[in-house]
Every structure is written in C-alpha cells, then in structure tokens.
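Me: I'd like to learn how to read side-chain features in a model like this. Can you walk me through a few?

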Amino acid sequence: MSGFFEAIYRLVRQVPPGKVVSYGQIALYLGRPRASRIVGCAMHAAPGDVPCHRVVNREGRTAPAFSVTGTDLQRLFLEEEGVRFLPDGRVDMERFAWKLEDFPKASEHSKKSSE
C-alpha cells in the first residue's frame, strides 16, 4: 500500500498551482480506477510537501475533513491560487480541472520525485 501512496504523492506534487484534480482521476491515471477512496486516505495522511488542497471530489467539492478546525482552509488555499468556485460551492471544474491529457507522461511519472 505504501508504494501506491508514494505514487499518489508523486503525482499530486505535479499538479500546478491554480489547478485541481479529483480523487478518481488520480486513481484512474495510476491504473486503479476503483481506488479513489484509497487516494482520499493517502491525502489524509499526506506529508506536508504534498499540495493535497488541490485534490477535490469528482463534482469539484472540497473535502469536509481537510481542516480539523472546521473552517474551509482547502477553499481558502485554492482561492489564493486563483481557483474560482461556482455559486453552489463547487470548484469550476470546467476551468480549473487538471485534465488527464495534461498529466505527465507515464515515463515522467515513474521518475522518483527526488530527480
């Protein structure tokens, strides 16, 4: 499992500021399309250098458990990066989703993050 978590972290570290990606997109890209909940667990346990605030659900909703204080820090972080939200509180996925075609090529992804 930790190898899968590391693959998730490597990928999320590449999401550019001002973009978001869904748990399901990450799972699909990594070849485990039914593992979006595992991606969520990985984000909950992520080290500080992983920009987990850039990961949202498939509808563009932020994670209720992102902040233990109950405030919407995830939304605040995203807004600071220029991400805009729709009136119903979802990220405007049409404009701000990091599309699968934008993901790094598999050969780039397989490189270790220290390179």
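Me: Let's start with rings. How many aromatic pairs does the count come to?

Reply: Keep in mind that this is a predicted model. The general idea is that ring centres have to lie within 6.5 Å to pair, and planes over 60 degrees apart count as edge-to-face. Here the count comes to one aromatic pair. Phenylalanine 5 and tyrosine 9 have ring centres 6.1 Å apart and planes at 70°, so they make an edge-to-face pair.

Me: Where do phenylalanine 5 and tyrosine 9 sit in helix H1?

Reply: Helix H1 spans residues 2–12, and the two are four residues apart in it, which means about one helical turn separates them.

Me: Is phenylalanine 5 buried or exposed? And tyrosine 9, buried or exposed?

Reply: Buried means under 20% relative accessible area. Phenylalanine 5 comes in at 18%, so it's buried. Tyrosine 9 is buried too, with 4%.

Me: Which residues form a nonpolar patch on the surface?

Reply: A patch residue needs over 30% relative accessible area. In this model, Leu73, Leu76 and Phe77 form the patch, and together they have about 220 Å² of accessible area. Take leucine 73, which is in helix H4 (residues 73–80): its relative accessibility is 31%, so it counts as partly exposed.

Key. Residues are numbered from 1 along each chain as its sequence is written. This is a predicted model: local features need pLDDT of at least 70, side-chain atom pairs count only at pLDDT 80 or more; totals for chains, interfaces and linings use all residues. Side-chain values use heavy atoms; hydrogens and water are left out. Rings of Phe, Tyr and Trp (its six-membered ring) pair if their centres lie within 6.5 Å; planes under 30 degrees apart count as stacked, over 60 as edge-to-face and the rest as tilted. Buried means under 20% relative accessible area, exposed over 50%, partly exposed in between (1.4 Å probe, protein chains only). Patches are made of residues with over 30% relative accessible area and no salt bridge: like charges are joined within 9 Å, nonpolar side chains (Val, Leu, Ile, Met, Phe, Trp, Tyr) within 5 Å. Accessible areas come from the Shrake-Rupley method with a 1.4 Å probe; for residues, only the protein chains shown count as cover. A salt bridge is a side-chain nitrogen of Lys or Arg within 4 Å of a carboxyl oxygen of Asp or Glu.
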